[in-house]
Amino acid sequence: MAATRVILTGFMGTGKTAVGKKLAGKLHYRFLDTDLLLEKEKGKPVSKIFEEEGEPAFRKYEKAVLQKALTEEKVVIATGGGTIVDPENLKLMKEKGVLITLAADPEVILQRIGHSSKRPLLQADDKMARIQELLEQRQGFYQQAHHAIDTSQKSVEEIVEEIAKILKGGPHG
Ligand code: S3P
């Protein structure tokens, strides 16, 4: 039987939103994106929240939105790239669903999101160095998910198929 909640984690630009949407369609689940839920609730984009209120406030809102999302059933939840760094968030995500990391090479990440101004944490002169630094800091968290998929060379469809196979395979799958 399929899991009640599928939760996607992973660095910015690894495809959580695109994959999550498509996966939800395939499973006939609802798709929730914690960043979008947060933006809706606060009435402003994530970048503005960082700018006006700072990262600690954003993390507090993020945690509350995640906790609420995890009370829903039959959902695919795409989380923000830094959500998993909070130990309580990590624990809860693992308890409440199948937690899957989407990974990608730094070069691919840079290519996918390097030009976007939507990611406050990547507004650095040397974006590649920033990506590598953050990836290094977060590696240990992403590794704690139940499953991981390298998305670097895969299409959204291929990733969705891979996840669907995982979901057929056991208590955390
Ligand atoms: C963040 C990732 C973003 C968003 C915020 C912080 C992070 O989400 O939550 O900018 O800390 O990695 P995406 O991973 O969807 O870009």
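Me: Ala, Val, Leu, Ile, Met, Phe, Trp, Tyr, Cys and Pro count as nonpolar, Asp, Glu, Lys and Arg as charged, the others, Gly among them, as polar. How do the residues lining the largest pocket divide?

Reply: This is a predicted model; local features need pLDDT of at least 70, side-chain atom pairs 80 or more, and lining totals use all residues. Numbering runs from 1 along each chain, and side-chain values use heavy atoms, without hydrogens or water. A pocket is an open set of 1 Å grid points where a 1.4 Å probe fits, with protein on both sides within 12 Å along at least five of seven lines; lining residues have an atom within 4 Å of a point. The lining divides into 13 nonpolar, 11 polar and 11 charged residues.

Me: Which residues lie nearest the centre of the largest pocket?

Reply: The space is about 750 Å³. Helices α3 and α4 are among the elements giving two or more residues to the lining. Of 35 lining residues, those nearest the centre are M12, T17, D35, K118 and R119.

Me: How are α3 and α4 oriented to each other?

Reply: Helix α3 spans residues 46–53 and helix α4 spans 55–69. Their axes come within 7 Å and cross at roughly 130°. Under 35 degrees is roughly parallel, over 145 roughly antiparallel, 65 to 115 roughly perpendicular, and the rest oblique. The pair is therefore oblique.

Me: Is T83 buried or exposed?

Reply: T83 sits in the loop between β3 (75–78) and α5 (87–96). Beyond neighbours within four places in sequence, T83 contacts (heavy atoms within 4.5 Å) R59, E62, L66 and N89. Buried means under 20% relative accessible area, exposed over 50%. T83 is at 1%, so T83 counts as buried.

Definitions and conventions:
Axes are lines fitted to C-alpha atoms, for helices over the stretch in contact, and angles run from 0 to 180 degrees between N-to-C directions. Helices (H or I, at least four residues) and strands (E, at least two) are DSSP runs, numbered from the N terminus. Buried means under 20% relative accessible area, exposed over 50%, partly exposed in between (1.4 Å probe, protein chains only). Grid points are joined across faces, edges and corners, and a volume is the space filled by probe spheres set on the points.
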